[in-house]
Amino acid sequence: MIKRRNILKGGMLLGVPAIFGAGSASAQLCRPTGIRSPGSEPDSPPVSAYTEPLFIPPKLNNIGAAALSPPIDPNRHQRYDEFEAVKVYEQHITEGVWNYHSDLSALTPAQAGKTAGSGSLAWMYSDASTGNVSTPGPTLVARYGEPVFVRRYNDLPTSDNVEMPIGYPAISTHLHNAHTASESDGYPMDFAMPGEFWEHHYAMYYARNDYREALASLWYHDHMIDFTATNVYAGLSGMAIFYDDIDSGDETDPNPQALKLPGNMQFGDDGNGNSLGFDISLILHDVRFNSEGNPTYNVFDTDGHLGDLITVNRKVQPFLNVKRRKYRFRIYDGGPSRFYELGLYRTSSRDTAIPFDVITNDGNLLEEPFRGATSIILGPANRHDVIIDFSQFVAGDTLELLNLMEQDSGQGPTGRRLSGNDRMEVLQFRVVEMDSGEVDVSQVPNTLRPLPDIPPQDVLDTLVHREWVFDHDMGLWTINGQFMDPAIISASPRQGTAEVWTFRNAGSSWAHPCHVHFEECQILEWNGKAPTGVLKSRKDVMTLGPNDVVKVFYRFDDFVGRYVIHCHNNVHEDNAMMLRWDITPG
Ligand SMILES: [Cu+2]
């Protein structure tokens, strides 16, 4: 049983230690003023809140291996013969325009082959089978046991011809947190130039073939070396959902083991703010727009980038109609540098936060739901799935997701909470009746998915221990005193081994969401304390507040090759806060 009181301290209702803390949160957050001024950027043009319908990406369509030309070459992929693709997709990455908000689109000049007023410049992903092009890209909906193959073409203009004033048109696509062979992982040096493609084989194989290692809420995003922040900011992000027999996505699943969480395997929307499904992914990116309605970005600020408008699925402050029933929302912080504390409030009375259930951390099912949370806290790349039950409201009620996290530079939050009208409007829910005869049969069971075992302390003591210190030097960002250099291999654990890693934030006024590719970890200690609540989970991004120290347990199995560890404040990452590490054959 989660001891709720253990993490409900200092007024924080869903505590994540350290930056978001067990203990007094505000005492551990960044100081109000950073060591460097972020400078001041002009505000975005004014837009009206809650007038754009939420965009919900449709799912990618399987085209079958026979449709690919040239065909798949199994020799290019580790263990392909064991995990032959049964779902095959083709995506193209293109430059075009996107309607972030009608008020912004109204300002845009003719660009990217489109007429004036048709949208803001964007880099986007397509589904080659439907011709759908969007940001976020189409959602990759996959299932364990059904290996996936995606060929992604870089159809961006060459650097001489791009209209997007930021980013670099070379592409490496990382499926965040997937247990993926190195050559398919989106390693930052594995990039495709305009006119080229890269292939990604996702084995859809539980790490160590253990169902307790199942992943659920993932996202794909660009990972081009030195240009991740700008390329993602330009539009290159999309969601991925992994299901299995337990978390099957079907609330009517007759399998007695199925959790029957809200979901009907329908994705997309009708264009008017109505979702087709009840399992909805929401990715947050904060964006700043110039007077012509295009995204703008200061590449000289290495502290990080803050937008002044919150977008959800690349719509500025959208609305969604919700029926009087339960929904699963997979909420992602897409960065580049903003941290969130999100609470749900009635529009009519913004004083009282409305409780909901949290069922995942970093997209992985918890052992049991965390019930009654009144906010969630996310650093860049963190994810939480939440269940909101709208049956407690009546048709016509409106609710809002508000951001309470104060942040005035890219370094990290100030440690203060926004209140009153300073809270940032993120998303509006408009409650409507269910259709006549419609029944909500979904459940939120008391047990979800068990955690893999951690060896006892005497065994942990015998393992290799490594420490990763996140610091800064000469205006850039370092790990263990080093800038990213793909020629340097900073660790090379053998396949089949386990290690204890420590992440240490050497800074007293900034935050670093530390991300390791390929394997997830479990927290052993956060600032010397054993994890409780939502931190008793599998994680891929440890969001370190000032001076935080986190000790975690890793295993390395199934594939070999090159991977990275980096800060997921992508501006820090691009300014050298990344290291290469390799898994070597056991
Ligand atoms: Cu960082």
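Q: How many bridges join strand 1 to strand 5, and do they run parallel or antiparallel?
A: This is a predicted model. In it, strand 1 (residues 87-98) and strand 5 (residues 148-154) are joined by 7 bridges and run parallel.

Q: Which residue in strand 5 is the bridge partner of Ile93?
A: Asn154 is the bridge partner of Ile93.

Q: Changing topic. Which residues are joined by a cis peptide bond?
A: Thr135 and Pro136 are joined by one, with omega about -5 degrees. Pro136 sits in the loop between strand 3 and strand 4 (137-143). Another joins Gly335 and Pro336, with omega about 15 degrees. Pro336 is in the loop between strand 15 (326-333) and strand 16 (340-346).

Q: And Ala381, where is it found?
A: In the loop between strand 19 (376-378) and strand 20 (383-389). Ala381 is not a glycine, yet has a positive phi of about 80 degrees.

Q: Is Ala381 buried or exposed?
A: Ala381 counts as buried because 25 other C-beta atoms lie within 10 Å, and the cut-off for buried is 20 or more.

Q: Last one: what does the domain assignment give?
A: Domain 1 (65-243) and domain 2 (457-583). Their centres, taken over C-alpha atoms, are 25 Å apart. The contact takes 19 residues from domain 1 and 19 residues from domain 2.

How values were computed:
Residues are numbered from 1 along each chain as its sequence is written. This is a predicted model: local features need pLDDT of at least 70, side-chain atom pairs count only at pLDDT 80 or more; totals for chains, interfaces and linings use all residues. Two strands pair if DSSP finds at least two bridges between them. Helices (H or I, at least four residues) and strands (E, at least two) are DSSP runs, numbered from the N terminus. Domain bounds come from an automatic or database domain assignment. Two residues are in contact if their C-beta atoms, placed from the backbone, lie within 7 Å. A residue is buried if 20 or more other C-beta atoms lie within 10 Å of its own, exposed if 12 or fewer, and partly exposed in between; C-beta atoms are placed from the backbone.
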